[in-house]
Amino acid sequence: MEHVSEPLVTVLDWLAAVCLLLGAALSLVAGVGLVRFPDLLSRMHTAAKPQVLGLLLVLVGIGLRIAPHDTGVFNVGTLILVGLFQVMTVPVAGHIAARVAYRTGRIREDLLARDELADRIAERRGGGAEGSRGA
Amino acid sequence: MTALWIAISVLLGLAALLSTARLMLGPSILDRALSVDVLVASALTGIGAYAAFNRDPTVLPILLVLSLIGFVSSVSVSKFVVRRHLDEAEGAEERGWNT
């Protein structure tokens, strides 16, 4: 890829710009959802899915823009690592935050269509205690 | 092409502003941790857009560091919330909250 032809670079630049625009639009969608959604669990949805997809699109755009000019393995490797870390860590963080919100009673139960975890907890405790759902 | 870049930066700025609004409004600390997470992701996207615009690969390690820092911050805030809740509600003997 040392001597990439000029039209190809133009095409790659446009592709990168489209990727970046879509990624920025998805980030904006995540922001709008964060403001407009009613409770923590639905906000967690918008913080996890559109945000990660937007970031991945932006990473693809950076790769398309940088790769023809600076053909190091290091750049593309860094981009892939960033994407991998996001895909691995964002679900874990969302899961932990949702779990803590449920256990400390910070969710709105009128918005839940079905609460299977409550059944499981009651079953495990012998139906006796709903102590952890207090507050 | 220039208009496209301006549109990208405006969209990113609006996204950061909206998550800052949730950061100020958010009723509980978990909402705030979540919006800080989204804010860090917006910073990642913005730095990435800078790198793409200038064809400048020197800022890419910042992306790597930020993507890990955001995870650590939200997990530690969640753990803090659990411990404080247990201290307030049930006393010290249930400190071993089995995950």
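Predicted model: local features only at pLDDT ≥ 70, side-chain atom pairs only at ≥ 80, totals over all residues.
Let me begin with chain B, whose secondary structure comes to 3 helices and 0 strands, and which follows the pattern α-α-α when it is read along the sequence. Of the 99 residues in chain B, buried residues make up 34%, and among the contacts in chain B with a separation of 6 or more, 43% are accounted for by residues 24 or more positions apart.

Chain A, for its part, has 4 helices and 0 strands, with its elements running α-α-α-α from the N terminus on. Of the 135 residues of chain A, 34% count as buried, and among its contacts between residues at least 6 apart in sequence, 73% join residues at least 24 apart.

Now to the interface. How many residues of chain B are in contact with chain A? There are 44 of them, and they are in contact with 46 residues of chain A. On the side of chain B that touches chain A, helix 1 (2-25), helix 2 (29-54) and helix 3 (60-89) of chain B each supply at least two residues, and helix 2 of chain B gives the most, with 15 residues. Sorted by class, that side of chain B has 30 nonpolar, 10 polar and 4 charged residues.

One helix pair deserves a separate word, namely helix 3 of chain A and helix 2 of chain B, which pack at an angle of about 170 degrees with their axes 11 Å apart. Since an angle over 145 degrees counts as roughly antiparallel, that makes helix 3 of chain A roughly antiparallel to helix 2 of chain B. In this pair, A:Ala93, A:Ala97, A:Val100 and A:Ala101 from helix 3 of chain A meet B:Leu30, B:Ala33, B:Leu34 and B:Asp37 from helix 2 of chain B. By class, the contact between these two helices has 7 nonpolar, no polar and 1 charged residues.

In soluble globular proteins, nonpolar side chains tend to be buried together. Here the largest nonpolar core has 50 residues, and those with the most contacts inside it are A:Leu20, A:Ala97 and B:Leu30. The elements that give two or more residues to this core are helix 1 (6-36), helix 2 (40-66) and helix 3 (73-103) of chain A, together with helix 1, helix 2 and helix 3 of chain B, and helix 2 of chain A gives the most, with 12 residues. Which residues does A:Ala97 touch, not counting residues up to four places away in sequence? They are A:Met44 on the chain A side, and B:Leu30, B:Ala33, B:Leu34, B:Ser74 and B:Ser78 on the chain B side.

Another residue of helix 3 of chain A is A:Val90, and because A:Val90 has 22 C-beta neighbours inside 10 Å, it counts as buried. Leaving aside its neighbours within four places in sequence, A:Val90 is in contact with A:Ala48 and A:Val52.

A:Ser5 and A:Ala24 are 19 residues apart in sequence and 29 Å apart in space, C-alpha to C-alpha.

In chain B, the residue I would point to is B:Arg55, found in the loop between helix 2 and helix 3 of chain B. B:Arg55 has a positive phi of about 50 degrees although it is not a glycine, and with 14 C-beta neighbours inside 10 Å, B:Arg55 counts as partly exposed.

Notes:
Residues numbered from 1 in each chain as written. Chains lettered and ligands numbered in written order. Contact = placed C-beta atoms within 7 Å. Nonpolar A, V, L, I, M, F, W, Y, C, P; charged D, E, K, R; others polar. Core = buried A, V, L, I, M, F, W, Y, C linked by C-beta atoms within 7 Å. Buried ≥ 20, exposed ≤ 12 C-beta atoms within 10 Å, placed from the backbone. Axes fitted to C-alpha atoms, helices over the stretch in contact; angles between N-to-C directions. Parallel < 35°, antiparallel > 145°, perpendicular 65-115°, else oblique.
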